[in-house]
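Subject: Structure handover

Hello,

My notes on it follow.

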Amino acid sequence: MKKLPDPFILFLFIAILIAYVYPNISLWSYRDFTLNTVIDIGIILVFLFYGLKLNWKDVFKDLSNWKMHLLIQSITFIFFPLLVLCFYPIIKNYPAYFTLYVAIFYLAVLPSTVSSSVVMVSIAKGNIPSAIFNASISGLIGIIVTPLWMSLFLSKSDGDFDLLGTFLDLVLKIILPVFIGAILQPYLGFFYNKYKKQFSNLDKFTIVLIVYNSFSHTFLDGLFSKLGLLPLAIVSIIVIAIFFIFFNLSKWIAKKMNFNREDDITIQFCATKKSLVHGSVIAAVIFTGDIGIYLIPIMLYHTFQLIYVSYIANQYAKEVE
């Protein structure tokens, strides 16, 4: 039986539709308790659970394959950003499109996904232990590296950007919860595994809230009306082009470096995934004002990568069978 697509993507687009029809819900508050407060709590729980679910023995038992790990993380955190940076000399002459450029750059500096990377590698008969290692370590690296990359542009796109304050927020809302979750993993890891479906739903609910809140403020300020449909269509084309560039480049490099078939698949899948979970929650911490525009590229990329990589994974599996 063919597996039904993940309804999570549908929920994200429903959240955007509700944000368009009922944007004022995002302005709700009760005393000092607002929707942003709920989202902050959700972000802390997302990364607390992230620390709880990591099996550190599985994460580090594949360290010997260091060449593959270095290649994957280099593609994710160096090659992706450098490609987008190449266009900065052009885009700086068009200030009207600078925010969209920063949004695409934000996509480029995000870490890989965890669950879908491992699942897709498993379907394609790739190197699963290496997929687990790289997907897990990518998220940890991204917590630090993503904001560092973004500090190049945030001060230019947002005059009141406070780098020190942003990193303090990151420590309190993201790094500290991961650290606490990692410490508690030997004691509460079994509890997380027992109810991981429920915890996963809480993660997704937090992302849906972030997407709703972000887009509602964007609609209230009329940002999409100011931009127009053509720039957004161009962003879609650019996002898909970036995916194909690195999906094929990672495969070509892996073959040139003489990795085996299983490693080729892991490199291709793990190096080119971008995490909507990290993208949504980190955006809620480092950006101020309307952040809906910064989520558009990662939502488009995430949706496309799930559909296309699912197809490719099944094709690779058929080759083995």
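**Overall make-up**

Of the contacts in the protein chain with a separation of 6 or more, 86% are between residues 24 or more positions apart. Please keep in mind that this is a predicted model. The chain's secondary structure consists of 15 helices and two strands. It has 321 residues, and buried residues make up 49% of them.

**Helix α12**

Two partners of α12 are described here.

The partner in one case is α15, residues 292–320. The axes of α12 and α15 are 10 Å apart, and the helices pack at an angle of about 40°. The crossing of α12 past α15 is right-handed. On the α12 side the contact is made by Leu232, Val235, Ser236, Val239, Ile240, Phe243, Phe244, Phe247 and Lys251. On the α15 side the residues are Ile293, Ile296, Pro297, Leu300, Tyr301, Phe304, Gln305, Tyr308, Val309, Ile312 and Tyr316. By class, this contact of α12 with α15 has 17 nonpolar residues, two polar and one charged.

The other case is α13, residues 261–272. Here the axes come within 9 Å of each other and cross at roughly 150°. Because angles over 145 degrees count as roughly antiparallel, α12 is roughly antiparallel to α13. This crossing, too, is right-handed. From α12, Phe243, Phe246, Phe247, Ser250, Lys251, Ala254 and Lys255 meet Asp264, Ile267, Gln268, Phe269 and Thr272 of α13. The contact of α12 with α13 divides into six nonpolar, three polar and three charged residues.

**Two residues with positive phi**

Asparagine 258 follows α12 and sits in the loop between α12 and α13. Its phi is positive, about 60°, although it is not a glycine. Is asparagine 258 buried or exposed? With a relative accessibility of 67%, asparagine 258 counts as exposed, since the cut-off for exposed is over 50%.

Lysine 125 is not a glycine either, and has a positive phi of about 65°. Lysine 125 is in the loop between α7 (115–123) and α8 (128–157). Its relative accessible area is 39%, so lysine 125 is partly exposed.

Helix α6 (residues 98–108) is mostly covered, with 10 of its 11 residues buried. Those buried are Phe98, Leu100, Tyr101, Val102, Ala103, Ile104, Phe105, Tyr106, Leu107 and Ala108.

Tyrosine 192 belongs to helix α9 (residues 163–194). Its relative accessibility is 6%, so tyrosine 192 counts as buried. Leaving aside residues up to four places away in sequence, tyrosine 192 touches Phe49, Leu52, Lys53 and Phe199. Along the chain, tyrosine 192 and lysine 53 are 139 residues apart, yet 6.7 Å separates their C-alpha atoms.

Regards

Definitions and conventions. Residues are numbered from 1 along each chain as its sequence is written. This is a predicted model: local features need pLDDT of at least 70, side-chain atom pairs count only at pLDDT 80 or more; totals for chains, interfaces and linings use all residues. Side-chain values use heavy atoms; hydrogens and water are left out. Helices (H or I, at least four residues) and strands (E, at least two) are DSSP runs, numbered from the N terminus. Axes are lines fitted to C-alpha atoms, for helices over the stretch in contact, and angles run from 0 to 180 degrees between N-to-C directions. A crossing is left-handed if the near helix is turned anticlockwise from the far one by less than a right angle, and right-handed if clockwise. Contact means heavy atoms within 4.5 Å. Ala, Val, Leu, Ile, Met, Phe, Trp, Tyr, Cys and Pro count as nonpolar, Asp, Glu, Lys and Arg as charged, and the others, Gly among them, as polar. Buried means under 20% relative accessible area, exposed over 50%, partly exposed in between (1.4 Å probe, protein chains only). Angles under 35 degrees count as roughly parallel, over 145 as roughly antiparallel, 65 to 115 as roughly perpendicular and the rest as oblique.
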